[in-house]
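The following questions and answers concern one predicted model.

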Amino acid sequence: MKVVLFCGGYGMRMRNGASDDVPKPMAMVGPRPLIWHVMRYYAHFGHKEFILCLGYGAHHIKDFFLNYEETTSNDFVLRGGRTELLSTDIADWTITFAQTGIESPIGERLRRVRHHLEGDEMFLANYADVLTDAPLPEMIEKFSRRDAGASMMVVPPQSSFHCVELGEDGLVGGITAVSELPLWENGGYFVLRQEVFDHIPENGDLVADGCAALAKEGRLVAHQHRGFWKPTDTVKERAALDEAYARGDRPWAVWERDGAAAAAAGAGARA
């Protein structure tokens with residue numbers, strides 16, 4: 001299935017000043033930018049045809065892939081001055097780079113790449129700066145069996161704040177962490193049918209317009225995920241992911257986990 005990634009926002013909370021024009025999806029986690037980690041997740045499950053909805057700082061994303069260096073994250077042999085790769089990341093990926101406007105809302109960005117999705121009953125869509133270990137095949141399989149126009153992943157609230165219950169006399173009746181409330185928030189990782197385009201107006205939003213309209217019609221389903229899910233909206237959040245990567249704590253890197261499991265199984269079979 002094709003994967004549409006929204007990577008055209010300003011990402012103001014990730015910038016270090018007016019001269020910093022690097023878009024948020026290009027913030028580094030380990031040796032690769034966020035967008036690579038998101039794409040690698042989808043590619044691991046066999047979805048290797050990407051449509052990048054570009055906007056602010058598009059040249060950074062284009063330059064990264066046009067000058068992609070496979071040796072950064074793959075083993076290789078240097079023989080006679082020539083590099084012989086032992087594995088590759090993106091050799092079998094197809095990436096469409098589509099300029100979808102600087103100020104466009106996400107729904108409008110999706111509308112502007114609709115022609116790249118003609119003939120596809122279902123497709124995937126996501127933000128380019130949020131990582132997870134969610135079971136993508138399960139999400140797709142469940143949605144394919146439902147009579148619905150869209151599916152979105154939902155996660156428990158990520159806020160560390162507390163909600164305070166107040167009585168009329170100003171006395172506090174209780175304090176509850178937001179994460180403990182029976183609430184869910186949008187986690188991205190959408191599975192969509194063409195029907196979603198019928199509900200997104202010009203300059204509209206995917207969630208507030210498209211998904212909200214489908215929800216009113218009873219045609220929006222949710223995949224509840226309590227596992228690893230991390231947005232990267234701030235410098236602090238990006239730094240936390242980078243530190244986790246450095247110490248080998250990478251739950252979103254399902255390709256490493258599954259690869260290690262396969263290697264262990266192979267070793268056991270040979271023993």
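Q: Which residues touch the most other members of the largest nonpolar core?
A: This is a predicted model, in which local features need pLDDT of at least 70, side-chain atom pairs count only at pLDDT 80 or more, and totals for chains, interfaces and linings use all residues. Residues are numbered from 1 along each chain as its sequence is written, and side-chain values use heavy atoms, with hydrogens and water left out. A nonpolar core is a set of buried (under 20% relative accessible area, 1.4 Å probe, protein chains only) Ala, Val, Leu, Ile, Met, Phe, Trp, Tyr and Cys residues joined through side-chain atoms within 4.5 Å. Among the 70 residues of the largest one, those touching the most other members are V4, L5, Y42, L52 and L110.

Q: Which helix gives the most to this core?
A: Helices are DSSP runs of H or I with at least four residues, and strands are runs of E with at least two, numbered from the N terminus. With eight residues, the largest contribution comes from helix α1 (residues 34-44).

Q: Is R32 buried or exposed?
A: R32 lies in strand β3 (residues 32-33). A polar atom of its side chain is 2.8 Å from the backbone oxygen of E69. Its relative accessible area is 3%, so R32 is buried.

Q: Which residues is L52 in contact with, leaving aside its neighbours within four places in sequence?
A: Contact means heavy atoms within 4.5 Å. L52 is among the residues touching the most other members of the largest nonpolar core. Its contacts beyond those neighbours are L5, C7, I35, M39, I61, F65, I95, T96, F97 and A98.

How values were computed
Buried means under 20% relative accessible area, exposed over 50%, partly exposed in between (1.4 Å probe, protein chains only). A polar contact is a pair of N or O atoms within 3.5 Å; within protein, one must be able to donate a hydrogen and the other to accept it, and residues adjacent in sequence count only if both atoms are side-chain atoms.
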